[in-house]
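Here's a quick briefing to read with the model open beside you. Have a look first, then work through the points by topic.

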Amino acid sequence: MLHDGYNTTAVAVVDALGTGHLLGPALRSRGVPVVHVRNHTAAFERQLQTFHAPDFTAALDFTGDPAATARQLRGLGVRHVLAGTESGSDTADLLATELDLPTANAPGFAAARRDKRTMHRILHEAGVAVPAQQHLDGEGRVRWQTGPLAPERPTVVKPPASAGTDGVHVCPTAADRDAAVRSLLGAPNLFGQPNDGVVVQELLTGPEYMVNTVSVDGSHMAVEIWRSDKKLVDDAPVYDRQELQSPDAPGMPALLAYVREVLTALGVRWGATHTEVILTDRGPLLLETGTRLPGGHDPSLSLKALGTSHLDEVVDSYLAPDAVADRGPVRPLRRHALGVSLISPTAGVLLRPLDLDPVTSLPSFHGIKLTVRAGCELPRTTGLHSKPGGLYLCHEDPAQLERDYLAVRAWERNEFTDAVAGR
């Protein structure tokens, strides 16, 4: 339902779901009216419960016509359009371009900032290093490739436009690869959209990094660098832990230079970007990037560890861009931090609440988010969206973080099993 028009400059958020739900209150706290746009060409039912309607002065429905929605936004005084989550990224780009906003990303690249196939093709053509890969169409035929994919080498098979670890298969053999391709073609991705193709990519070896940046008029500032460690469960990658990195640590300047090269080639000019890169012996190589906040972002943790947060920097990039640029190209580390993904080794109904005292009393404990409670069905963790939650650790001493991380894993091994058994 739309409210009466107003003269104040407004900001629109497309799909303020998941971490994107933080944008509404962050903008509203700065006295800015916020309009919500729901992208009905994609659906992620699990995230819909995170939407908070009172944060918004108006709500619009996007059903595939950028011109029609742009007319409504123009009438509401909207001067900036942001993506809340992955399903809103290309739509936000299309709407900002349709409105001819000065804070729009470069036109013509909306698909490249969402679809991994277009993303990697454009980067390859621009001379930016990317992994060896094949792009298959809806019939499983190779439509584009760069670099050889040796049949005896492991590969990663994944949807062209999803999020997290949805549909990602690590395939040791060609038979595993073919089975993974068959399972993905035509199947719905995380946002309810059918996979119209598949990306087959070389399995990269080396540490994985998540780089959260904010851009102002084409200049890219690094807010957070996280090293992301994963485990394999049933041949699928499961997030284990993320460790905040200092921007001047060995290898980080080269990593950041590569990320900036990627973002510039993809026409990113304004706002949030979340980029995932493997640091290989050939140098940094891109997994994917998205023009949105990262999933699982905890602004309070970032404030404690860095003195700022990706959320605040993104909001400021639209409302106070000079202040963001004046802070410089990186944000220095003040405290060490870890994000720990909880991994349940078992499945069943939780017959009692989890006993959190052993983890909340740890010296570095900062916060915890659970997606399960007593009486709920607990899935065995096999991917990002079946994990029962995560917790955050922050401390001046990195050795303390490591001790507390090991204590969390020891607690976890018994606690989920005992809670399912009712012990």
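**Strands, cores and rings**

Gly339 has Tyr392, in β19, as its bridge partner. The model is a predicted one, so take what follows as a reading of that prediction. The bridge belongs to the pairing of β15 (residues 336–341) with β19 (residues 389–395), which are antiparallel over 6 bridges.

**The sheet of 8 strands**

- This open sheet runs in the order β14-β13-β10-β11-β12-β15-β19-β17, and the pairing is antiparallel.
- At its edges are β14 (283–290) and β17 (365–370); each has a single partner strand, so one side of each has no neighbour in the sheet.
- Going from strand to neighbouring strand, the turn is 25 degrees on average, with direction ignored.
- Helix α8 (residues 299–306) packs on this sheet and touches β11, β12 (236–244), β15, β17 and β19.
- The direction of α8 makes about 15 degrees with that of β19.

**The sheet of 5 strands**

- There's also an open sheet of 5 strands, again with antiparallel pairing, in the order β6-β5-β9-β7-β8.
- Its edge strands are β6 (142–146) and β8 (169–171), and since each has a single partner strand, one side of each is left without a neighbour in the sheet.
- The twist here averages 20 degrees from one strand to the next.
- Inside the sheet, β5 (residues 133–136) and β9 (residues 198–202) run antiparallel and are joined by 4 bridges.
- Helix α5 (residues 116–125) lies across β5, β6, β7 (155–158) and β9, and it runs at about 135 degrees to β5.

**Nonpolar cores**

- In soluble globular proteins, nonpolar side chains tend to be buried together.
- The largest nonpolar core in this model has 23 residues, and Val13, Leu23, Leu311 and Val314 are the ones with the most contacts inside it.
- Two or more residues each come from β1 (10–14), α1 (23–28), β10 (208–216), β11 (219–233) and α9 (310–319).
- Helix α9 gives the largest share of this core, with 4 residues.
- Which residues does Leu23 touch, leaving out those up to four places away in sequence? The contacts of Leu23 are Val13, Leu82, Ala83, Gly84, Leu293, Leu311 and Val315.
- Apart from this core lies another, of 22 residues, including Val128, Ala265, Leu266 and Leu286.

**Aromatic rings**

- A search of the whole structure turns up 2 aromatic pairs.
- One of them is Phe51 with Phe56: the ring centres are 5.5 Å apart and the planes are at 15 degrees, so this pair counts as stacked, the cut-off being under 30 degrees.
- Elsewhere, Arg241 lies over the face of Tyr405, 4.4 Å from the ring centre.

**Thr360**

- You'll find Thr360 in helix α11 (residues 357–360).
- Thr360 has 33% relative accessibility, so it counts as partly exposed, the class between 20% and 50%.
- From Thr360 to Leu393 is 33 residues in sequence, and their C-alpha atoms are 9.9 Å apart in space.

Methods:
Residues are numbered from 1 along each chain as its sequence is written. This is a predicted model: local features need pLDDT of at least 70, side-chain atom pairs count only at pLDDT 80 or more; totals for chains, interfaces and linings use all residues. Side-chain values use heavy atoms; hydrogens and water are left out. A nonpolar core is a set of buried Ala, Val, Leu, Ile, Met, Phe, Trp, Tyr and Cys residues joined through side-chain atoms within 4.5 Å. Buried means under 20% relative accessible area, exposed over 50%, partly exposed in between (1.4 Å probe, protein chains only). Contact means heavy atoms within 4.5 Å. Rings of Phe, Tyr and Trp (its six-membered ring) pair if their centres lie within 6.5 Å; planes under 30 degrees apart count as stacked, over 60 as edge-to-face and the rest as tilted. A charge sits over a ring if NZ of Lys or CZ of Arg is within 6 Å of the ring centre and within 35 degrees of the ring normal. Two strands pair if DSSP finds at least two bridges between them. Axes are lines fitted to C-alpha atoms, for helices over the stretch in contact, and angles run from 0 to 180 degrees between N-to-C directions.
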